[in-house]
Amino acid sequence: MALSGIEIFKQLPRTNCKECGFPTCLAFAMSLAQGKSELAKCPHVSADAKARLSEASEPPIRTVVIGPTARPGKAGGETVLFRHEKTFANPTLLAIKVVDSMTDAEIDARLARMDELQYDRVGLALRADLVAVQQTDGDAARFAALAAKASAAGWGLVLMSSCATSLAAALAACAGQRPLIHAAEAANFDALAALAKEHQCPLVLRGQSLDQLIELSTKAAGLGLKDLVLDSAATTLGAALRDQVAIRRAALSGKVKPLGYPTLTLASDLTDDPTQEVVAAAAMVAKYAGIVVLSELDGASLFPLLLERLNIFTDPQRPMATTEGIYEIGGPGEDSPVLITSNFSLSYFIVSGEIETSRVPAYLLVKDTEGLSVLTAWAAGKFVPDEIAAFVKKSGIAAKVKHRKLIIPGYAAQISGELEDELPDWQIIIGPREAAYIPAFLKAWKA
Ligand code: SF4
């Protein structure tokens, strides 16, 4: 349960020595309470206080790590109900099913397709996160072989079976890869809990009601199992949403610790219609699934889900930004055009994409505007002539081209005169207002 700043303050030495970088212990405590600082910054906090604060500062929903060390997936760790309160911590993990009833060729094709379906968006690589290997026919050797195959392909796994023998074989086949075991129910709880403990793997608890989930979770905690995931076994979207909200609220209220774990939803359990499955998955990404398992793999549905997830799990108070600098597109030379834009990620990717489309090699100068778009940055005094001129001079672009022509965004036309005053060696050219017109504009370019 999160502590208030005052509660944290009471545990600090209260000497105001400033070694943490804050003027007072109280200021440091307030920053800690907001999750903006690390306790380790105070070298004088006692071991006792450290232990008390560390335990007390754990998020009300535990963070559970799934998958190999090289590519771990994290679920949970959430502290708020709404993203405007604080950024959500760990994006919903999307798992794609492979089922033992599929042919080897179908499974190979699905794994290969998962590798292909990766998307670059605002500088991030978007992709599915896990493979959910599902057993349907009781053949433990085949289940283990499938787990080994998906694991060898580098994917973190969800191992879906109710059979402890089959799960033991699969766990042995991907030893050390920390798969998520799905799922311990009332009937197989003891056997699966023992496996989770032996292999130190996270375990899904599946209950037919929240009361049953609480019962299983309490029992698992009593056995020393900490990395748990909850599956409410909902069979309709309405029930799944109700369960997700109830679990999140109960965990955050601090009164129902057994529900303080990330959740998993099988989207295919909520509908038989593949289109509706995507709709259900989208609802689960928004509220509040830690992991969603999809039965289908299709770029037309995966991409929107990945984008939805990106939007929901980014900080709504901080624009996404690209690093300031010179970006060379298409192998530009000394006669190539030089364009400038702000470092709002979307601006950068739209402008760079249109330059690529034009097939005219160019330099794109990206000015740090703290992630603001061109017009907003201009209004905020961050994309203004003196700032742009200082950046152009220090960027080193003058050594890369022999001309002195700088293309500014059409929306910044009003600064062209003043910018020419600031950069007397440069001719300022007003580019298109809309990025879509950049290709035609560049094709007409002459140095
Ligand atoms: S380093 Fe510790 S004791 Fe010193 S001001 Fe910061 S919180 Fe207080």
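Trainee: Which residues come nearest to the ligand?

Mentor: C17, E19, C20, C25 and C42 do, out of 13 residues around the ligand. Keep in mind that this is a predicted model.

Trainee: What does the shell around the ligand have by class?

Mentor: Eight of its residues are nonpolar, three are polar and two are charged.

Trainee: Changing topic. Which domains does the assignment give for the protein chain?

Mentor: Domain 1 covers 5-56, domain 2 covers 63-312, and domain 3 covers 325-443.

Trainee: How far apart do the C-alpha centres of domain 1 and domain 3 lie?

Mentor: They are 45 Å apart. As for the whole protein chain, its C-alpha atoms fill a box of roughly 80 × 65 × 35 Å along the principal axes.

Trainee: How many helices and strands does the protein chain have?

Mentor: There are 16 helices and 17 strands. Buried residues make up 39% of the 447 residues. Among contacts with a separation of 6 or more, 65% are between residues 24 or more positions apart.

Trainee: Which residues touch the most other members in the largest nonpolar core?

Mentor: That core has 78 residues, and the ones with the most such neighbours are A95, V133, A147, L157, L203 and V292. Helix α10, residues 274-286, gives the most to this core, namely six residues. Apart from it lies another core of 30 residues, including L339, L372, A377 and W378.

Trainee: Back to V292. What is V292 in contact with, leaving aside neighbours within four places in sequence?

Mentor: The list is T92, L94, A95, T265, A267, A281, M284 and V285.

Trainee: Now A173. Where does A173 lie?

Mentor: A173 is in helix α6, which spans residues 164-173.

Trainee: Is A173 buried or exposed?

Mentor: A173 is buried, because 20 other C-beta atoms lie within 10 Å, and 20 or more is the cut-off for buried.

Trainee: What is A173 in contact with, beyond four places in sequence?

Mentor: A173 is in contact with A144, A147 and A148.

Trainee: How far is the C-alpha atom of A173 from that of C163?

Mentor: The separation is 16 Å, for two residues 10 apart along the chain.

Trainee: Next helix. Which residues are buried in α7?

Mentor: In α7, residues 189-199, the buried ones are L192, A193, L195, A196 and H199. Seen down the helix axis, they fall within an arc of 155°, so they line one face of α7.

Trainee: Why would residues a few places apart end up pointing the same way?

Mentor: An α-helix has 3.6 residues a turn, so residues three or four places apart point the same way.

Trainee: What do the buried residues of α7 pack against?

Mentor: They pack against α6, β8 (180-184), β9 (203-206) and α8 (210-222). After α7 comes Q200, with a positive phi near 50°.

Trainee: And which residues of α14 are buried?

Mentor: P385, I388 and V392 are the buried residues of α14, which runs over residues 385-395. Down the axis of α14, these buried residues fall within an arc of 70°, so they line one face.

Trainee: Which residue follows α14?

Mentor: G396 does, and its phi is positive, near 90°.

Note on methods: Residues are numbered from 1 along each chain as its sequence is written. This is a predicted model: local features need pLDDT of at least 70, side-chain atom pairs count only at pLDDT 80 or more; totals for chains, interfaces and linings use all residues. A residue is near a molecule or strand if its C-beta atom, placed from the backbone, lies within 6 Å of it. Ala, Val, Leu, Ile, Met, Phe, Trp, Tyr, Cys and Pro count as nonpolar, Asp, Glu, Lys and Arg as charged, and the others, Gly among them, as polar. Domain bounds come from an automatic or database domain assignment. A nonpolar core is a set of buried Ala, Val, Leu, Ile, Met, Phe, Trp, Tyr and Cys residues joined through C-beta atoms within 7 Å. A residue is buried if 20 or more other C-beta atoms lie within 10 Å of its own, exposed if 12 or fewer, and partly exposed in between; C-beta atoms are placed from the backbone. Helices (H or I, at least four residues) and strands (E, at least two) are DSSP runs, numbered from the N terminus. Two residues are in contact if their C-beta atoms, placed from the backbone, lie within 7 Å. The arc is that of the directions from the helix axis to the C-beta atoms.
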